[in-house]
Amino acid sequence: MRRIFLAGSILIAGLACGGAWAAPLPVADGKLSVPGAPPRAEGDGPYTQLILRGVTVIDGTGAPAYGPADVVIEGNRIVTIESVGAPGLPIDAKKRPKLKAGGHEIELSGSYVMPGIIDMHGHIGGAAQAVPAEYVYKLWMGNGITTIREPGCLNGVDWCLGEYKRSLANAITAPRIFPYAVFGADRDAPMTKPDEARQWVRDMKAKGILGMKCFGYRPDVLEAAFDELKKQGMRSACHHSQTDVARVNVLTTARWGLTSMEHWYGLPEALFDDRTVQDYPAAYNYNNEADRFGQAGRLWAQAAQKGSDKYEAVIAELLKLDFTLDPTFTIYAASRDLMRARRADWHDEYTLPQLWDFFTPNRDHHGSFFFDWGTEDEVAWRANYTRWMAFVNDYKNRGGRVTVGSDSGFIYQLYGFGTIQELELLREAGFHPLEVIRSATLYGAQALGEGNRLGSIEPGKFADLIVIDENPLANLKVLYGTGHIRLGADGKTQRVGGVRYTIKDGILFDAAKLRADVRRMVAAEKARRGITALPQP
């Protein structure tokens, strides 16, 4: 078994939202047990010319929506966006772009177009969850996610690079993938010298890896890695694990050149002004998931108060460093309301039974920590969210970059659906809907170093778009693949919304069909197991 050594702990590939995890990575005949995606059998195009007619455009820059407009795509690039009239009036035919011979057009009057969503924390399943990549990709694409950053490549560096290259060539139905290797991947021993960290970065660059994901490490070794990343033009993400945060917090890594912090670990510690370590109970054991997540929900209460000198100094320094916050609010949502997360609309038809088994309370499964989760834990976590969201909103209001990441596949959060929930949670934190969409699109592209090619609807950029028949600015819930419940004029309830088309690299995918494929996968697995419903405690 290949192990990844991190900060004195053994991290087995398969971990996401929480530090070192001692579960083994299944290997069969020397190969990972996570199936890669099959060859692409979905999507039409790219076209010599594709025109989306009569849409209302939400361009992702923070600008207000406008329309009707015709969006012209040639190959995999946006060529022009032409305003063709005013709401309530007939389309001005003279303003419409002409369809070229061999071109394709779709009449979409009343529909909205926005950039494809960028999920900055998207793990492609994992051996412990036992879900195939096709399932994960179609959930993402069916919910409008056209780009993901894979923070860690925890299914293996070579596996991750293979999927990245296949997606880049559109050989599979999948979002764009930005592979970031976990620090220490492919090594058989821990790094004890700064030069070893530098060599590791160079080795990953030579393989084709685009960035690094870390959890912490011995400071001199980790600092060398960040310095080498800058020299190699690579980017980085960090979950500041409690096992190392006393030595390396968010300010430490931001000063070294970290691109983005994941979750919020390391930020309250940077805000301590009356202590230097978290107030751990004497019986606390980091390897006990209930201890770890239970006490994590009490951490923001120990940080400096909003408006204090320490609070203002930390925000000011992070802003000066052009630092990115990737909060992943969604992955902890079950901590403040377990029943709501466990009984979410999408589980019945979209959650594979093996993933449901992984979510169910279990001392061996990462993030399945609800051994005896009660009122006191949920109340603490709600207060934790209040302080955390206030900081993130303040950071955004001062001009800081906040992105969208989900970390789904853990803690009752499902791929795709968790990403949309993250948009709702940014709205709860105080973001205007236009700010939410900018975080989910342009700001993610900027954090990836791709702001000139991705993230907004502008001429020259890649044609990564989603089409929806409802207005997401009025209600972000319409982006969920399960739609939104509305009472119709006839007095009957109906489901509206769900992404209609997902366009990636100029290729037009029927998002509803992708979601239907996932439902068939889930139904087939239930039939194989002889069950009709996911088991409840």
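Biologist: What should I keep in mind about the model?
Modeller: Because this is a predicted model, local features need pLDDT of at least 70 and side-chain atom pairs count only at pLDDT 80 or more, while totals for chains, interfaces and linings use all residues. Residues are numbered from 1 along each chain as its sequence is written, and side-chain values use heavy atoms, with hydrogens and water left out.

Biologist: At what angle do α8 and α13 pack?
Modeller: Helix α8 (residues 309-320) and helix α13 (residues 375-397) pack at about 50°, with axes 11 Å apart; helices are DSSP runs of H or I, at least four residues, and strands are E runs, at least two. The axes are lines fitted to C-alpha atoms over the stretch in contact, with angles from 0 to 180 degrees between N-to-C directions.

Biologist: And which residues meet there?
Modeller: Tyr 311, Val 314, Ile 315, Leu 318 and Leu 319 in α8 meet Ala 390, Phe 391, Asp 394 and Tyr 395 in α13, where contact means heavy atoms within 4.5 Å.

Biologist: Switching topic, where is Gln 242?
Modeller: Gln 242 lies in the loop between β14 (235-238) and α5 (250-256).

Biologist: Is Gln 242 buried or exposed?
Modeller: Gln 242 is buried, with a relative accessible area of 9%; buried means under 20%, exposed over 50% and partly exposed in between, using a 1.4 Å probe and protein chains only.

Biologist: What does Gln 242 touch?
Modeller: Leaving out residues up to four places away in sequence, Gln 242 touches Tyr 265, Gln 278, Tyr 280, Tyr 284, Tyr 286, Arg 292 and Ala 296.

Biologist: How far apart are the axes of α14 and α15?
Modeller: The axes of α14 (residues 417-429) and α15 (residues 433-440) are 9 Å apart, and the helices pack at about 135°.
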